[in-house]
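Let me jot things down as I look them up.

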Amino acid sequence: MSVLDPIVELVRGLWVTLKSIGEKPVTFQYPEEKREVRQRFRGRHVLKRYDNGLEKCIGCSLCAAACPSDAIFVEASENTNEKRFSPGERYASTYEINMLRCIFCGYCEDACPTEAIVLGDNYELSFTDRRSAIYTKEMLLESVPSQAFLTPQKVEPGEFNRSVPEMKDPRD
Amino acid sequence: MISDWTLWLEWFIKSVILIFALLGGFAYLTWYERRALARIQTRIGPNRAGPFGLLQPIADAVKLIFKEELTPAKAYKFVFFLAPILTVVPSIIIAAVIPWGRSINLFGREITLYLADINVGILYFMSIAAISVYGIVLAGWSSNSKYAMLGGLRATAQMISYELSLGIALVPVILLADSMRMIDIVEAQSSAWFVLIQPVGALIFWIATLAEINRAPFDMPEAEQELTAGFHSEYSGMKFALFFMAEYQKMIIVCAIIAIFFFGGYLEPFPSFITNISWLSWLKVDNSPLLGPVYMFIKVVVLLFAMIWVRATWPRIRYDRLMEFGWKILVPLSLVIVFITATGILLAAEFNNNLFLWMIPVASVIVGLIPVAMVYRSLRRISYERA
């Protein structure tokens, strides 16, 4: 340390800020240019489908039970082979998430026995009134590549009796 | 009588132009500050409204005009209404004495590029600058809110303390120019800017003005982390905009004043060996008087950048240290500076040798290092106590 330090340190501070003018701004021009989210980012929920288009959700309400802020409401109905939404006996006829209550904790994801509900990467969740804060099943459900994959589907009897898929390695 | 009438018209037009220049300057100073601060913080800043965000001030103004104006129920209504006006008016009328150039010939008459040529311009500046503290303390008091009250009181204490060193730091300028007229002060710097002759005085003046206009690192009266917003906590809408306006106009005015007192005002910022080259002689203010305002503008913009730069760099000084710095360092130092300057001028006159004038900066810098050494010692003492 030297006697001039009080001045030198002040000037060094000024030099640091002056240097940073030349640096590239870190700003993202948001609506045009979106930032990649992290792999484990928890955004808006997505209801997944199997490859054949059937919904993974079986309407068991475990997510609603696990939800600490009581944001999820599920109502289940019976599947038939003529109108099949999901494998097994039942499907979610109503599936609503209140985005005003959701805290994006991801417990629903953990509770789901079929891995139907997943917190996706969409973070653009603005709404202008309370009613549009309630996301319905149609809004949450994954889109399908073509009309043929839409639910309900007409299937052969006895093909989709099991609601929870068999695990490849149960000890996993 | 016809000449009287035209004189009035000339004054009127010049005042209107000046006021509009100040209002526009205020609007674009906010833009300038936000852009410059953003660049320093590796951001972009407002760039949505118009090209480079140039319409942002207009959008801000529209927003502020249409915002609801709240008056606290227990406020002293009349004073609450009066305070923003008392803050804004001085910040505009200081501009009257600022010379923006010599004079130009227009429509066959000589038009001076300044509004008022008062022979005690410095006194005018000092007194008007001191008035604006009333607006702030009245705003703080009439809001009937603790934060606003504390902000107003802090502002008063700070302004009174730094007014002293502000005034004393101007004495070397008066001594060197041998006049209190702004024009004379500028013309006296045609050989050397006063910042070269009295660098320590310029630095003291700079620090004191930062405190005077409540800019960082002396923005104690409106420290948003401590006092929510200080004296203007309770103001909203257009009344708040007036405070905002006053602050930014004062920034412009103060930078213009510093440019006049220490950086040669409207004189060309080039040494004479450049302007003596024949094809560059148009750069001289003598040859093209319209360049005066341009040079002034450039100097003000550079000084404003320095203010923004300081704001981006240094943290706010603690209140007791602010007072100690003002009273224990700046005031004695500026008194010594006055003494050194006076001695140098007397010696130069006595021995008829201008070399003695160059003793002033050397002696001032040496004396200026004494408080630095004192600060260093006290810092070291503190670090020993901690260890």
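This is a predicted model: local features need pLDDT of at least 70, side-chain atom pairs count only at pLDDT 80 or more; totals for chains, interfaces and linings use all residues.

I started with strands (DSSP runs of E, at least two residues, numbered from the N terminus, as are helices, runs of H or I of at least four). Strand 2 of chain A pairs with strand 3 (residues 90-98) of chain A in the antiparallel sense over seven bridges; pairing takes at least two DSSP bridges between two strands. I72(A) sits opposite I97(A) of strand 3 of chain A. I then found the open sheet of three strands in chain A, with the order 2-3-5 and antiparallel pairing. Its edges are strand 2 (72-78) and strand 5 (134-135) of chain A, each pairing on one side only.

Residues are numbered from 1 along each chain as its sequence is written, and chains are lettered from A and ligands numbered from 1 in the order in which they are written.

Next I checked where the chains meet. I see 14 residues of chain B in contact with 15 residues of chain A (contact: C-beta atoms, placed from the backbone, within 7 Å). Helix 1 (2-40), helix 12 (291-313) and helix 14 (359-386) of chain B each supply at least two residues of the side of chain B touching chain A. Helix 14 of chain B gives the most to that side, five residues.

Notes:
Two residues are in contact if their C-beta atoms, placed from the backbone, lie within 7 Å.
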